[in-house]
Amino acid sequence: MEQRLSLITLGVADIARSRAFYEALGWTASGIGDGEVAFFQAGGMIFSLFGRSDLATDAGVSAEGTGFRGIALAYNTRSREEVDRVLAEMVAAGAALVKPAAEAPWGGYSGYAADPDGHLWEIAWNPGFPIAADGSVSLPG
């Protein structure tokens with residue numbers, strides 16, 4: 001298996017609502033999909049939204065479950081100030097602010113927001129993870 005991630009799919013309660021949330025953040029949905037799924041090109045990978053119960057059925061697991069999911073998606077910013085701006089954009093688009101941005105013990109600055117389905121997003125500035133012009137982040141040598 002190659003060391004890469006191709007696609008992240010979030011199970012959501014309402015695809016149209018979730019698509020509108022991400023579009024309000026400036027993301028552009030792909031033209032493919034029939035309303036049963038929404039796809040967004042995210043750099044070298046794909047981010048998608050799929051009905052929670054349909055995703056559970058597809059995986060052969062129960063759709064029940066609440067609370068902490070044991071995962072957070074992360075969006076790294078190019079500056080400390082951008083963290084606050086992105087968190088504010090997310091809240092304006094319908095996210096819930098979970099943890100206001102603060103100095104992080106690892107030397108950066110970060111906060112958390114939850115999308116309309118409660119999926120956690122860490123918005124972080126990490127001076128050790130510079131962002132290339134194309135938006136990619138690389139581990140330091």
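Begin by selecting Glu 82, Val 83, Val 86, Leu 87 and Met 90, which are the buried residues of helix α3, where buried means under 20% relative accessible area, exposed over 50% and partly exposed in between, with a 1.4 Å probe and protein chains only. These residues lie on the same side of α3, because they cover an arc of only 135 degrees around the axis, the arc being that of the directions from the helix axis to the C-beta atoms. The model is predicted, so local features need pLDDT of at least 70 and side-chain atom pairs 80 or more, while totals for chains, interfaces and linings use all residues. Residues are numbered from 1 along each chain as its sequence is written, and side-chain values use heavy atoms, with hydrogens and water left out.

Now turn to the face of α3 directed away from its buried side, where you will find the exposed residues Glu 81 and Ala 92.

Next, select Trp 27 and Phe 47, together with Phe 21, Tyr 22, Phe 40 and Trp 121, which form one aromatic cluster; rings of Phe, Tyr and Trp (its six-membered ring) pair if their centres lie within 6.5 Å, and planes under 30 degrees apart count as stacked, over 60 as edge-to-face and the rest as tilted. By this rule there are 10 aromatic pairs. In one of them, the rings of Trp 27 and Phe 47 have centres 5.2 Å apart and planes at 75 degrees, so the pair is edge-to-face. Phe 47, at 4% relative accessibility, counts as buried, whereas Trp 27, at 26%, counts as partly exposed.

Conventions
Helix = DSSP H or I, 4+ residues; strand = E, 2+ residues; numbered from the N terminus.
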